[in-house]
Amino acid sequence: MSLFHQIALSCLPGIGSVLARNLLSYFGNEEEVFKAKSKHLGKVPGIGPKTKELILNHEVFRFAEDELKFIEKYKIKPYFLTDEDYPKRLKNCADAPVMLYFKGNADLNSTKIISIVGTRNATEYGKEICKNLILDLKPHNPLIVSGLAYGIDFASHKEAHKLAIPSIGVLAHGLDRIYPAQHRSMAEKMLDCGGLLTEFMSGTIPDRENFPKRNRIIAGLCDVTIVVEASIKGGALITAELANSYNRDVFAFPGRINDEFSLGCNHLIKTNRANLITKAADIEYIMGWTTEIDTSTKTQLSLPINLSDDEEIIARILSSKGSLAIDELSFLTGFQQSKLVHTVLGMEMQGVLISLPGKVYKLV
């Protein structure tokens, strides 16, 4: 089949997955679509006079020529909707993109693909969740997917890169640019461990309407969508809704009821649009994921025998998570801060933990 004609078909305004499939089903392949006569095009469901004229005048060929040159020059991998190696999860979505453009080395049909999304205004609490979540999921060799945006997206890509876990940045523009520009360095690193994916041709700028389209790829590409922090409106909730519409599993970390960027997560949980999770083990349990890890050699936490029950809870959480801020520790233990402050002070006096700047605690 002709890549040139595949690109040309994807360039046609108003031709989405449904109409593209109708055309391909009727004519057999994309090349025959552009050879078709007007009377035959008019018989295809959904093809009106304007679309028919665009197909017949071949005006999109010049765009296809330019894009073909761009693909060849920068060694970009194109995926057409009917290709065998088109991402299989995404192909099952009714509104899957006709064409995808990918640069990188990740397998878009990996065994376990996880999207992590959230607010652009991520708090330290949200970033810490990303850090611990990705670390704990590493034994599953997942592919992490996000949108390369500020906040939770960037935190997810950053932590994945630190752990040599491949991550995919799904873009709302062409592969000839990076938005936001401040993330170019991370995007370049991801090309060696993951990659960049878009449905948009080179020259496409990150217009507002492109982001919801980008979000459907993030949702459709994955087995699981995880919302870390989100306001009641925004792209993260759109992605979660899309994932639900694709019958994918959605998870959300709960937050304090008065925090703006917990409202979206709490709403998803309250309305049964997401499973409540607090750690990676919750995802493993719900998804039935297992690993081949040998647990016989795991180091057991050695605790002083004179710790109280409350102190032991704190010690075990810090052993698992490393260092935690007082807010995060309060959330994970369920202790009120007044009680927590008193308890950690006693542990500090015993030499069990130390206090770091910013009310952060870690075991000695």
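I looked for disulfides (a pair of cysteine sulfur atoms within 2.5 Å) and the count came to zero. Cys93 is in no disulfide, and its nearest cysteine sulfur, that of Cys222, is 10 Å away. I noted that this is a predicted model, where local features need pLDDT of at least 70, side-chain atom pairs count only at pLDDT 80 or more, and totals for chains, interfaces and linings use all residues. Residues are numbered from 1 along each chain as its sequence is written, and side-chain values use heavy atoms, with hydrogens and water left out.

Next, the rings. I counted five aromatic pairs, taking rings of Phe, Tyr and Trp (its six-membered ring) as paired if their centres lie within 6.5 Å. One aromatic cluster is formed by Phe4, Phe34 and Phe61.

I also checked for charges over rings (NZ of Lys or CZ of Arg within 6 Å of the ring centre and within 35 degrees of the ring normal). Lys339 has its charged end over the ring of Phe335, 4.2 Å from the centre. Arg120 has its charged end over the ring of Phe211, 5.7 Å from the centre.

Last, Leu197. I found this residue in strand β6, residues 194–198 (strands are DSSP runs of E, at least two residues, numbered from the N terminus). Leu197 is buried, with a relative accessible area of 0%. Beyond its neighbours within four places in sequence, Leu197 is in contact (heavy atoms within 4.5 Å) with residues including Leu100, Phe102, Ile168 and Leu221.

Methods: Rings of Phe, Tyr and Trp (its six-membered ring) pair if their centres lie within 6.5 Å; planes under 30 degrees apart count as stacked, over 60 as edge-to-face and the rest as tilted. Helices (H or I, at least four residues) and strands (E, at least two) are DSSP runs, numbered from the N terminus. Buried means under 20% relative accessible area, exposed over 50%, partly exposed in between (1.4 Å probe, protein chains only).
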